[in-house]
Amino acid sequence: MIEIDLDELVENLMQCRRCGICRNAVYEDRGFDGVCPVWRNSSGFETSFMRGRIQVALALLDGTLEKTPENAESLFTCTLCGNCTEICAAEFDPTECLEKVRAVLNDIPNDVHDTIAEKIMKYDNPYEEDNKIKRNWVKEVGFDVPTTGEVLYYTGCTAGMRLPNIAKSTAKILKAAGIDFAVLEEEPCCGSVMLRTGRVEDAQKNAEKFVEVIKNSGAKKILVTCAGCLKTLRNDYPKLGLELPEILHITEALQEIVQGKKLKLKPLGKGVKVTYHDPCHLSRAAGVYDDPREIIRSIPGVELVEMETNRNTAMCCGAGGGLRSYDAELSKRMAADRVKSAMEIDAEIIATACPFCENNLEAGAKQIESKIRVVDVVDLLAESLK
Ligand code: SF4
Ligand code: SF4
């Protein structure tokens, strides 16, 4: 169970030096530039970046500010992307603190996030769908996929229910590489969004159920598609006192396959410019920067080009931390901003490694009527299979 020491949390929040670097910083290579993607894509008030959020959090915690949904708004207009943590020189992790503040203040009503938690607890997914459809994509891969096995491919709610192409591509690649894998008959939700939005009691109950299902499956290794699932299962479950087998993001697993030249690949064109968008929960949270890039570089006919912000300073797409459901318009503006960065370097394709990012980047591209193609890295690799 997550135990939050309130005194320690306040002490940490007080470490903020109010320097404002988390709004915009002076970089050696690109001068004065934005750090917080929310600040860049909103009105620019103090509460739209971490320095202001911290002051609001302290005031809500000590009672100076009344605990109302309106006063707590700035706690929720943050994707927990971690870009501010990356640059903050003070002795604390502001992003982690803000997530804890959400948990401590979860008695402040938040209809949007309460509803998502209710749906996950009731349907085992946040989309209010019959959970069985998560495995529908398996019928279209053209070969049998068992429901138990040592290597488990955990599709996750968004790939399983919204972007099944990612799951199909993953299955095709694993099959081509000769790796036996299973997909559960019915997957529970990892509960990522509940942890990010402070619904910790429900998240704990859900996680215990998840671990039980995995135990019964006999899996020794779990491959995940979604960066949010990775962070939750690998980083958060141990904090909940729960153990799982080894968890790998699919790009970590495929990188070995690509290095070992286990796949026969054909060119996707000639010099097709592909840029890579780092999902925050895969990059800053898990330190996975190179594996997806290596996979892209391995595809014949493709040139990997980098956006101005990339790797640990990459701007967030706006989908995470519960923002997509809390303020969809702000979230999509952030995605559009990221798409513009890709267009500035003449990329034809944005490849990413998280269905949640893909979904939002597509929405951002649509908003600015960009023709850029948004795909998952596994989709590009699967298209290149001979
Ligand atoms: S959170 Fe860090 S970077 Fe932001 S104002 Fe405080 S000390 Fe400065
Ligand atoms: S975590 Fe990301 S969105 Fe939130 S305040 Fe920091 S930079 Fe802004």
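Mentor: A residue is called buried if 20 or more other C-beta atoms lie within 10 Å of its own, exposed if there are 12 or fewer, and partly exposed in between, with the C-beta atoms placed from the backbone. Helices (H or I, at least four residues) and strands (E, at least two) are DSSP runs, numbered from the N terminus. The model is predicted, so local features need pLDDT of at least 70 and side-chain atom pairs count only at pLDDT 80 or more, while totals for chains, interfaces and linings use all residues. Residues are numbered from 1 along each chain as its sequence is written, and chains are lettered from A and ligands numbered from 1 in the order in which they are written.

The part to look at is helix α14, residues 290–298. Its buried residues are Asp291, Pro292, Arg293, Ile295 and Ile296. Two residues are in contact if their C-beta atoms, placed from the backbone, lie within 7 Å. The cover over the buried residues of α14 includes the helices α13 (250–259) and α18 (377–384) and the strands β6 (272–276), β7 (302–305) and β8 (349–352).

Glu252 gives a view from the α13 side, as it lies in that helix. It counts as partly exposed because it has 19 C-beta neighbours inside 10 Å. Apart from neighbours within four places in sequence, Glu252 is in contact with Val288 and Asp291, and Asp291 is one of the buried residues of α14. From Glu252 to Tyr289 the separation is 37 residues in sequence and 9.8 Å between C-alpha atoms.

Lys261 sits in the loop between α13 and β6; its phi is near 50 degrees, a positive value in a residue other than glycine. Lys261 counts as exposed because it has 9 C-beta neighbours inside 10 Å. Arg311 is placed in the loop between β7 and α15 (323–326), and has a positive phi of about 50 degrees without being a glycine. With 15 C-beta neighbours inside 10 Å, Arg311 is therefore classed as partly exposed.

Further along the chain is a helix pair. Two packed helices are described by the angle between their axes and the distance between the axes. Axes are lines fitted to C-alpha atoms, for helices over the stretch in contact, and the angles run from 0 to 180 degrees between N-to-C directions. Helix α16 (328–344) packs on helix α17 (355–367) at about 80 degrees, and the axes are 7 Å apart. That makes the pair roughly perpendicular (65 to 115 degrees; under 35 is roughly parallel, over 145 roughly antiparallel, and the rest oblique). On the α16 side the residues that meet α17 are Ser331, Lys332, Ala335, Ala336, Arg338 and Val339, and their partners in α17 are Asn360, Leu361, Ala363, Gly364, Ala365 and Gln367. By class (Ala, Val, Leu, Ile, Met, Phe, Trp, Tyr, Cys and Pro are nonpolar, Asp, Glu, Lys and Arg charged, and the others, Gly among them, polar), this contact has six nonpolar, four polar and two charged residues.

Now the wider setting. With bounds from an automatic or database domain assignment, the protein is divided into domain 1 (6–104), domain 2 (111–256) and domain 3 (264–384). Domains 1 and 3 have C-alpha centres 25 Å apart, and 15 residues of domain 1 are in contact with 19 residues of domain 3. On the domain 1 side, α2 (37–40) and α5 (83–87) are the elements that give two or more residues, and α2 has the largest share, with three. That side divides into six nonpolar, six polar and three charged residues.

Both α2 and α5, together with α3, also give two or more residues to the shell around ligand 2. A residue is near a molecule if its C-beta atom, placed from the backbone, lies within 6 Å of it. Of the 17 residues around ligand 2, the nearest are Cys36, Met50, Cys78, Cys81 and Cys84. Ligand 1 is surrounded by 13 residues, and Cys16, Cys19, Cys22, Arg51 and Cys88 are the closest.
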